[in-house]
Amino acid sequence: PDDYTVERLERIRAKGYVERHHYSGSFVYEVASFGLWRHHGVRGTTLVGAAAFATPSNPASVARWAGLPDFRHGVELGRFVLLDEVPGNGETFFLARALRLLKADRPEVQVVLSYSDPVPRLDLETGRQTFRGHYGSIYQAANALYLGRSDPRTMFLSRRGEAVPARLFSKLRNGECGREYAQKRIERLSGLERGSSEGPAEFLARALTSPQLRRVRHPGNHVYLFPLARDRREKTGILGLPRVREGLERSLPYPKLLDRGA
């Protein structure tokens with residue numbers, strides 16, 4: 001605590017930091033970001049970690065996992081990254097303080113959802129592991145409620161092991177905000193360019209059959225929930241939500257193993 005502090009981080013700096021240091025190389029549609037700063041005495045401070053909380057990628061997830069009908073009462077921990085130099089317990093130190101600052105900044109938020117992807121991924125060109133997978137040990141150490149797995153799905157990976165999020169497909173197909181970024185990333189990973197007269201659906205149909213992409217069946221991410229309360233009364237109310245209470249009653253054991261690699 002004497003050497004590190006957690007403070008609000010402006011979006012531009014958070015985005016650049018996450019894109020440099022997070023394995024995904026991408027940022028999220030954040031609602032608030034916070035940084036972990038290391039103090040160097042008179043020499044100033046260094047940013048050594050970032051946590052970005054995001055609007056849910058699927059608004060229905062807040063109702064599904066927490067039972068809250070208004071998706072604005074829930075957010076996702078979209079990106080969480082620390083430099084290797086941060087000592088042991090740095091993750092839980094950072095996460096606990098970031099959650100408190102988030103509640104102060106967004107008092108309407110009652111739950112934070114976080115997902116861990118337990119499927120390692122390989123670069124088929126080199127055989128090197130590009131993503132080692134994680135089952136949520138940081139969230140377990142922070143006493144998050146484990147709710148089980150999200151639905152199984154088919155995912156697309158490049159030959160280098162980079163995932164193509166399904167959300168990119170819908171952004172491009174439906175002409176949503178961020179469609180330009182989605183198109184550029186799909187073009188890069190598929191090795192194809194969208195023709196000037198080619199519609200979004202036509203391009204996606206062609207890109208998804210590219211030999212540069214492979215289909216992998218994913219068993220679903222692990223889902224964790226943090227109740228976000230200002231006081232005991234609010235926390236009791238959150239824990240009493242039907243879906244949250246159901247999760248507590250099921251008392252699922254924390255996962256401890258990764259899945260088979262892709």
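Which residues are linked with Arg-106 in a network of salt bridges? The network joins Arg-8, Asp-105, Arg-106 and Glu-108, and view A shows part of it. This is a predicted model, in which local features need pLDDT of at least 70 and side-chain atom pairs count only at pLDDT 80 or more, while totals for chains, interfaces and linings use all residues. Residues are numbered from 1 along each chain as its sequence is written, and side-chain values use heavy atoms, with hydrogens and water left out.

**View A. Arg-106 takes part in salt bridges with Asp-105 and Glu-108.** A salt bridge is a side-chain nitrogen of Lys or Arg within 4 Å of a carboxyl oxygen of Asp or Glu. The N to O distance is 3.9 Å for Arg-106 and Asp-105, and 4.0 Å for Glu-108 and Arg-106. Relative accessible area is classed as buried under 20%, exposed over 50% and partly exposed in between (1.4 Å probe, protein chains only). Arg-106 is partly exposed at 30%, Asp-105 is partly exposed at 34%, and Glu-108 is partly exposed at 36%.

**View B. The charged end of Arg-8 sits over the ring of Phe-34.** The distance to the ring centre is 5.9 Å. A charge sits over a ring if NZ of Lys or CZ of Arg is within 6 Å of the ring centre and within 35 degrees of the ring normal. Arg-8 also belongs to the salt-bridge network of Asp-105, Arg-106 and Glu-108.

**View C. Glu-234 and Lys-103 meet in a salt bridge.** Their side chains lie 2.8 Å apart, N to O. The pair links distant parts of the chain, with Glu-234 in helix H8 (residues 232-239) and Lys-103 in helix H3 (residues 90-105), 131 residues apart. Helices (H or I, at least four residues) and strands (E, at least two) are DSSP runs, numbered from the N terminus. Glu-234 counts as buried at 14% relative accessibility, and Lys-103 counts as buried at 6%. The structure holds 19 salt bridges.

**View D. Tyr-139 and Phe-226 belong to one aromatic cluster.** The cluster is formed by Tyr-139, Tyr-146, Tyr-224, Phe-226 and Tyr-254. Rings of Phe, Tyr and Trp (its six-membered ring) pair if their centres lie within 6.5 Å; planes under 30 degrees apart count as stacked, over 60 as edge-to-face and the rest as tilted. By this rule there are eight aromatic pairs. One of them, Tyr-139 and Phe-226, is edge-to-face, at 6.2 Å centre to centre and 85° between the planes. Tyr-139 is in helix H4 (residues 137-141) and Phe-226 in strand S12 (residues 222-227), 87 residues apart. Tyr-139 is buried, with a relative accessible area of 8%, as is Phe-226, with 5%.

**View E. Asn-89 has a positive phi in a residue other than glycine.** The value is near 75°. Most residues other than glycine have a negative phi. Asn-89 is found in the loop between strand S4 (74-82) and H3, and is exposed, with a relative accessible area of 61%.

**View F. Ser-251 has a positive phi in a residue other than glycine.** Here phi is near 50°. Ser-251 lies in the segment after helix H9 (242-250) and is exposed, with a relative accessible area of 54%.
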